[in-house]
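Please open the model in your viewer and keep the selection tool at hand. The stops below each tell you what to select and what you will find there.

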Amino acid sequence: MNAQVDPQTKALNLLGLARRAQQLVLGEELVVEAARHGQLQLIFIASDLGPNTTKRIKNKANFYQIPMIEVFSATQLTHAIGASRKVIGVKDAGFAKGMVSLMQ
């Protein structure tokens, strides 16, 4: 039986893989710092993140021209990476490209 896995689940699985490959930056402050240094290819923010933090991260992402994905809840992101985080940066271009293409 060939069960189809939806693209969102695949993107979350890829996020977990990136975590194991140590290609993620976890947490708001570290993501902002990594964005400043040009180390990020993609940013995930939880859809249920507070408005002030959401605005801050979106402003940084726009300024540094980093794509953002804001469709997953904090619970989904936490489950995918095995740690409680609402803001996640992806350092690796290959992982980022795969996640973005799955989410389009």
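Select Gly82, which comes just after α4 and takes a positive phi of about 75°; keep in mind throughout that the model is predicted.

From there, step back into the helix itself and colour Ala74, Leu77, Ala80 and Ile81, which are the buried residues to look at in α4. If you look down the axis of α4, its buried residues fall within an arc of 130°, so they line one face of the helix. On the face turned away from that buried side you will find the exposed residues Thr75 and His79. What do the buried residues of α4 pack against? Show α1 (7–20), β1 (24–26), β2 (42–45) and β4 (87–90), and you have the elements that they pack against.

Next, select Ser73, which sits in the loop between β3 (68–69) and α4 (74–81). Is Ser73 buried or exposed? Its relative accessible area is 19%, and because residues under 20% count as buried, Ser73 is buried. Leaving aside neighbours within four places in sequence, Ser73 is in contact with Ala46, Ser47 and Asp48.

Now turn to the largest nonpolar core, which has 34 residues, and select Leu15, Ile43, Phe44 and Val90, the ones that touch the most other members. At least two residues of this core come from each of α1, β1, α2 (28–36), β2, α3 (51–63), α4, β4 and α5 (93–103).

Hide the side chains and show the strands, where an open sheet of four strands has the order β1-β4-β2-β3, with mixed pairing. β1 and β3 stand at the edges with a single partner strand each, so one side of each is left without a neighbour in the sheet. Zoom in on β1 and β4, which run antiparallel and are joined by three bridges; here Val25 has Gly89 in β4 as its bridge partner. Bring back the helices, and you will see that α5 packs on the sheet, touching β2, β3 and β4, with its direction at about 55° to that of β2.

For the last stop, consider the aromatic pairs, of which the structure holds two. Select Phe63 and Tyr64, whose ring centres are 4.9 Å apart and whose planes are at 90°, so the pair is edge-to-face. Phe63 counts as exposed at 63% relative accessibility, whereas Tyr64, at 29%, counts as partly exposed.

Methods:
Residues numbered from 1 in each chain as written. Predicted model: local features only at pLDDT ≥ 70, side-chain atom pairs only at ≥ 80, totals over all residues. Heavy atoms only, no water. Buried < 20%, exposed > 50% of the residue type's maximum accessible area, 1.4 Å probe, protein only. Contact = heavy atoms within 4.5 Å. Arc of directions from axis to C-beta. Phe/Tyr/Trp six-rings, centres within 6.5 Å; stacked < 30°, edge-to-face > 60°. Core = buried A, V, L, I, M, F, W, Y, C linked by side-chain atoms within 4.5 Å. Pairing = 2+ DSSP bridges. Axes fitted to C-alpha atoms, helices over the stretch in contact; angles between N-to-C directions.
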